[in-house]
Amino acid sequence: DVFYRELPKVELHAHLNGSVSCHTIEKLISRKPHLNIEHGMTAIGKGQRRTLEECFQVFKVIHQLVDSEEDILMVATDVIREFAADGVKYLELRSTPREEKNTGLTKKRYVETVIKAIKQCKSEGVDIEVRFLVAIDRRNGTEVAMETVKLAEEFMLSTDGLVVGLDLSGDPTVGHGKDLLPALQRAKNCGLKLSLHLSEVPSQLEESDLLLNLPPDRIGHGTFLHPEVGGSQSLVDKVVMNNIPLELCLTSNVKGQTVPCYSKHHFKYWYQKGHPSIICTDDKGVFSTDLSQEYQLAASTFGLSREDVWKLSLQAIDCIFAPDTVKQQLKLKWAAIKPQVF
Ligand code: 5GP
């Protein structure tokens with residue numbers, strides 16, 4: 001539907017290597033034919049579902065394909081252009097800095113390369129504002145988390161405001177948030193905004209409670225926070241009292257089987273509460289989706305009018321990590337586009 005494509009949108013939850021399109025994967029496969037990787041291994045098609053564990057296997061395959069500066073530059077510029085082509089006007093990309101011995105890639109070069117891609121798209125006149133969140137993979141433990149924060153801190157101070165925050169992600173069944181608290185606390189103290197994956201699986205209540213005390217600036221998924229799915233009222237109260245927006249990814253959660261079907265997605269719970277709920281893609285490549293489709297799915301599943309959908313995309317502006325000047329510019333843009341969309 002053209003309405004959803006033309007709707008100006010904000011994307012706040014997009015993992016770089018999960019966002020790689022089929023088209024880019026093809027280019028990567030042709031660069032590395034010896035890996036014998038096929039398409040079916042990097043994306044989950046329509047109607048298909050995987051366990052969360054299987055989803056994490058998919059990322060390993062993509063990481064094999066994306067292991068040099070050259071790959072990262074191509075992947076990041078392609079992803080940014082694709083989001084722009086889908087009507088996304090403001091994008092926060094997140095990615096875990098990786099070191100690859102065989103190509104000489106370092107974590108620092110990794111971040112520099114993503115920044116270079118952002119600047120390149122800007123200089124080409126691609127109509128999108130992009131910021132970067134440095135990601136901590138929880139699997140890697142306390143020390144790596146602290147190193148990652150220091151790296152993010154360095155870049156925050158040196159890259160004209162392009163690095164705005166920190167993400168905590170990775171397999172939710174591995175590791176414990178308490179081990180990462182010092183790193184997260186440091187990040188917060190130095191002015192990095194925090195977006196944390198919380199309660200993506202049911203067994204994380206205690207961890208969520210602990211991490212909510214920081215408190216984070218946004219929550220990724222938060223699938224099992226509310227009492228109807230085994231969470232608790234006190235967790236909900238913490239989220240509401242601190243007015244922490246939720247980044248909600250319908251297709252990702254259904255395909256990853258943490259949510260049984262679209263109509264049971266926790267978007268409904270939080271949206272009905274009037275709590276800031278932001279529609280996001282998570283991994284548009286891996287889950288074969290885009291942000292227009294996700295808005296359309298939310299509208300058709302939960303009976304939202306076009307005016308409701310407009311408000312959802314407009315409200316997402318208030319949840320971005322870039323400063324107020326950027327928010328104001330985006331609101332002007334929305335106002336200018338509105339008559340063309342309705
Ligand atoms: P990258 O950080 O390499 O750009 O993107 C892929 C990584 O993002 C994965 O290895 C994983 O750490 C993280 N990621 C992507 N999607 C999800 C998700 O749905 N849940 C969690 N917890 N982590 C994810």
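Helices (H or I, at least four residues) and strands (E, at least two) are DSSP runs here, numbered from the N terminus. Everything below comes from a predicted model, where local features need pLDDT of at least 70, side-chain atom pairs count only at pLDDT 80 or more, and totals for chains, interfaces and linings use all residues. Residue numbers start from 1 along each chain as its sequence is written, and side-chain values use heavy atoms, with hydrogens and water left out.

**View A. S199, in the loop between β5 (193-198) and α8.** This residue isn't a glycine, yet its phi is positive, at about 45°. Buried means under 20% relative accessible area, exposed over 50%, and partly exposed in between (1.4 Å probe, protein chains only). With 0% relative accessibility, S199 therefore counts as buried.

**View B. Helix α8 (residues 205-212) packed with helix α9 (residues 233-241).** Two packed helices are described by the angle between their axes and the distance between the axes. For α8 and α9 the angle is about 25° and the axes are 10 Å apart; axes are lines fitted to C-alpha atoms, for helices over the stretch in contact, and angles run from 0 to 180 degrees between N-to-C directions. So the two helices α8 and α9 are roughly parallel (angles under 35 degrees count as roughly parallel, over 145 as roughly antiparallel, 65 to 115 as roughly perpendicular and the rest as oblique). On the α8 side, L205, S208, D209 and L212 make the contact, and on the α9 side L235, K238 and V239 do, where contact means heavy atoms within 4.5 Å. By type, the residues of this α8 and α9 contact split into 4 nonpolar, 1 polar and 2 charged.

View C. L214 and P215 are joined by a cis peptide bond, with omega about -15°. At 48% relative accessibility, N243 counts as partly exposed.

**View D. Helix α2 (residues 22-31) against helix α4 (residues 69-85).** The angle here is about 165°, with the axes 10 Å apart, so α2 runs roughly antiparallel to α4. T24, K27, L28 and R31 of α2 meet E70, D71, M74, V75, D78 and E82 of α4. That contact has 3 nonpolar, 1 polar and 6 charged residues.

**View E. V79, a residue of helix α4.** V79 counts as buried, at 1% relative accessibility. Leaving aside residues up to four places away in sequence, V79 touches L16, S19, V20 and L93.

**View F. Helix α6 (residues 141-158).** This helix has 18 residues and reaches 26 Å from first C-alpha to last, close to the expected 26 Å (the expected span is 1.5 Å times one less than the number of residues). A145, T148, V149, L151, A152, E153, F155 and M156 of α6 are buried. The buried residues of α6 pack against α5 (107-123), β3 (129-137), β4 (163-169) and α7 (181-189). Just after α6, D160 has a positive phi of about 45°.

Note on methods. Ala, Val, Leu, Ile, Met, Phe, Trp, Tyr, Cys and Pro count as nonpolar, Asp, Glu, Lys and Arg as charged, and the others, Gly among them, as polar.
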